[in-house]
Amino acid sequence: MAIARWWIEGHQLNHFEKATKVYSLVASLDDASAFQLPAVQQDKGLNHLTLSVTNLEASLHFYCDLLGFKGEVRWNKGAYLSYGNCWLCLSLGEAKPSQDYTHFALSFDALAIACIQEKAAFKTVKIWQENTSEGDSLYIKDPDGHKLELHAGSLATRLESLIAKPYEGLIWMESSL
């Protein structure tokens, strides 16, 4: 109905022209090929992370200078950074990092992880866990204590490792392998 009203009011047509245009418009909506929804994309996933930080300068130094994130924009109370397809928002405020196992795993290759560990600034970084899973991982905290994992692996490599060494009580939910 809203489309028909738009045609009538927007085109200032006489009654016959209005009826003809509205009829053809409505008829075209019945034609599935004329009104086709886009295919559902399978590449949906995590869009971005926002972390509260208490010192924007220290966080920018950590994420950009140490970890290699690219600074995109900054403002008085925040910044947007990127690393590959990861978008990170730093938001100035009260940081309350998780005290449990919750952490953010970021994709890094093994060489990048080794290079980070060689930087002088890495000497002050706190390690929160040693790696015991497949693939190279480095478990570190940012300046506000947010737990990060720099991981050189993927879901596929993790699932492959579970074939050889399954977790206790592991059940495959779909037969993808």
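Which residues lie nearest the centre of the largest pocket? Select L46, N85, C86, A105 and L106: they lie nearest its centre, among the 14 residues that line it. Before going on, note that this is a predicted model, in which local features need pLDDT of at least 70, side-chain atom pairs count only at pLDDT 80 or more, and totals for chains, interfaces and linings use all residues. Residues are numbered from 1 along each chain as its sequence is written, and side-chain values use heavy atoms, with hydrogens and water left out.

**Stop one: the pocket**

Stay with that selection. The largest pocket holds about 330 Å³ of space. A pocket here is an open set of points on a 1 Å grid over the protein atoms alone, with protein on both sides within 12 Å along at least five of seven lines; a cavity is a set where a 1.4 Å probe fits but cannot get out, and lining residues have an atom within 4 Å of a point. Grid points are joined across faces, edges and corners, and the volume is the space filled by probe spheres set on them.

Now colour β4 (86–92) and β5 (104–107), each of which supplies at least two residues of the pocket lining. The largest share, four residues, comes from β5. By class, the pocket lining has eight nonpolar, six polar and no charged residues (Ala, Val, Leu, Ile, Met, Phe, Trp, Tyr, Cys and Pro are nonpolar; Asp, Glu, Lys and Arg are charged; the others, Gly among them, are polar).

**Stop two: the cavity**

Next, select L49, L51, Y63, F69, C86, L88, F104, L106 and L148, which line the largest cavity. There is one cavity of 30 Å³ or more, and the largest has about 30 Å³ of space. Its lining has nine nonpolar, no polar and no charged residues. Strands β1 (49–53), β4 and β5 each give at least two of the lining residues.

**Stop three: the rings**

Zoom in on F69 and Y83: their ring centres are 5.3 Å apart and their planes at 40°, so the pair is tilted. F69 lies in the loop between α3 (56–66) and β2 (70–75) and Y83 in strand β3 (residues 78–83), so the pair ties together parts that are 14 residues apart in sequence. F69 counts as buried, at 4% relative accessibility, while Y83, at 24%, counts as partly exposed (buried is under 20% relative accessible area, exposed over 50%, partly exposed in between, with a 1.4 Å probe and protein chains only).

Then pick W75 and Y80, an edge-to-face pair at 4.9 Å centre to centre with 70° between the planes. W75 is partly exposed at 34%, and so is Y80 at 32%.

**Last stop: zoom out**

Switch to cartoon: the protein has five helices and eight strands, running α-α-β-α-β-β-β-β-α-β-β-β-α along the sequence. Helices (H or I, at least four residues) and strands (E, at least two) are DSSP runs, numbered from the N terminus. Of the 177 residues, 28% count as buried.

Technical notes
Phe/Tyr/Trp six-rings, centres within 6.5 Å; stacked < 30°, edge-to-face > 60°.
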